[in-house]
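Please keep the sequence and the model in view while reading.

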Amino acid sequence: MKKRYHPSAPKYSQPTSGDRVTAHYVVAVDLGKRKVGVAVFYVNDTTTLLVKAETVLCGGGARAMAKKVHAVLSVGPDAKVRWVAEWPMKYKDKRLYHEAIESLHDVGNELDRIIMGWDEKYRPGEWKGNVPKKPHHARILAALRPEEIAVMPPVAEHDAWDAAGIGLYATARTKRGGVV
């Protein structure tokens, strides 16, 4: 969760071969206790394309949710995958929400065990700033290409939209706050 990337560069470690980016997938995750937003981006040295976005539903606890997310997002055993997520923060003045945040961390930690480690975890303020959902989702929509909009679920599935926003930020297609 360190600031170690240039604002216009991808915010995760890209696989390379020589001086070229190796084709890979970026799986962006918006953690939730019963709903997890996921977005899958295909990335190579010339393009980044959102290929899937959905909300995964599960009420069976952190381990069951993590397993379901991983199963839904399997892109093949030989595919190179980079996993990124929003990692919710605990704020001292918002102790009322600490238990809820812990449940999100539980899902994230279970998924971490399955995927063998997150490539990056972003704090909410890093990728979306303090922009409310409705204008932020409008910014996400503005950053998507027509073929990407076609794979997006309805805006009511805000978890999937947030995951797409996390992925757009990770791949440097948007800056903090969803600014294109």
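Predicted model: local features only at pLDDT ≥ 70, side-chain atom pairs only at ≥ 80, totals over all residues.

Residues are numbered from 1 along each chain as its sequence is written, and side-chain values use heavy atoms, with hydrogens and water left out.

**Nonpolar cores**

- The largest nonpolar core contains 22 residues, and those with the most contacts inside it are Y12, A39, F41, L50, V84, Y122 and M152.
- A nonpolar core is a set of buried Ala, Val, Leu, Ile, Met, Phe, Trp, Tyr and Cys residues joined through side-chain atoms within 4.5 Å.
- Buried means under 20% relative accessible area, exposed over 50%, and partly exposed in between, with a 1.4 Å probe and protein chains only.
- Helices (H or I, at least four residues) and strands (E, at least two) are DSSP runs, numbered from the N terminus.
- Another core, of 20 residues, lies apart from the largest one and includes L31, C58, V69 and L73.
- In soluble globular proteins, nonpolar side chains tend to be buried together.

- F41 belongs to strand β4 and counts as buried, at 0% relative accessibility.
- Not counting residues up to four places away in sequence, F41 touches H24, Y25, V26, T48, L49, L50, V51, A164, G167, L168 and R173, where contact means heavy atoms within 4.5 Å.

- The axes of α4 and α6 come within 10 Å and cross at roughly 55°, which makes α4 oblique to α6.
- Axes are lines fitted to C-alpha atoms, for helices over the stretch in contact, and angles run from 0 to 180 degrees between N-to-C directions.
- Angles under 35 degrees count as roughly parallel, over 145 as roughly antiparallel, 65 to 115 as roughly perpendicular and the rest as oblique.
- On the α4 side, K133, H137, I140, L141 and A143 meet H158, W161, D162, A164, G165 and L168 of α6.
- By class, this contact has six nonpolar, three polar and two charged residues; Ala, Val, Leu, Ile, Met, Phe, Trp, Tyr, Cys and Pro count as nonpolar, Asp, Glu, Lys and Arg as charged, and the others, Gly among them, as polar.

**Residues with positive phi**

- M116, in the loop between α2 (98–115) and β7 (120–122), has a phi near 70°, a positive value in a residue other than glycine.
- M116 is exposed, with a relative accessible area of 74%.
- A172, in the segment after α6, has a positive phi of about 65° although it is not a glycine.
- A172 counts as partly exposed, at 24% relative accessibility.

**Two further buried residues**

- T22 lies in the loop between β2 (20–21) and β3 and is buried, with a relative accessible area of 19%.
- Leaving aside neighbours within four places in sequence, T22 is in contact with P15, T16, S17, V43 and K80.
- E120, in strand β7, counts as buried at 5% relative accessibility.
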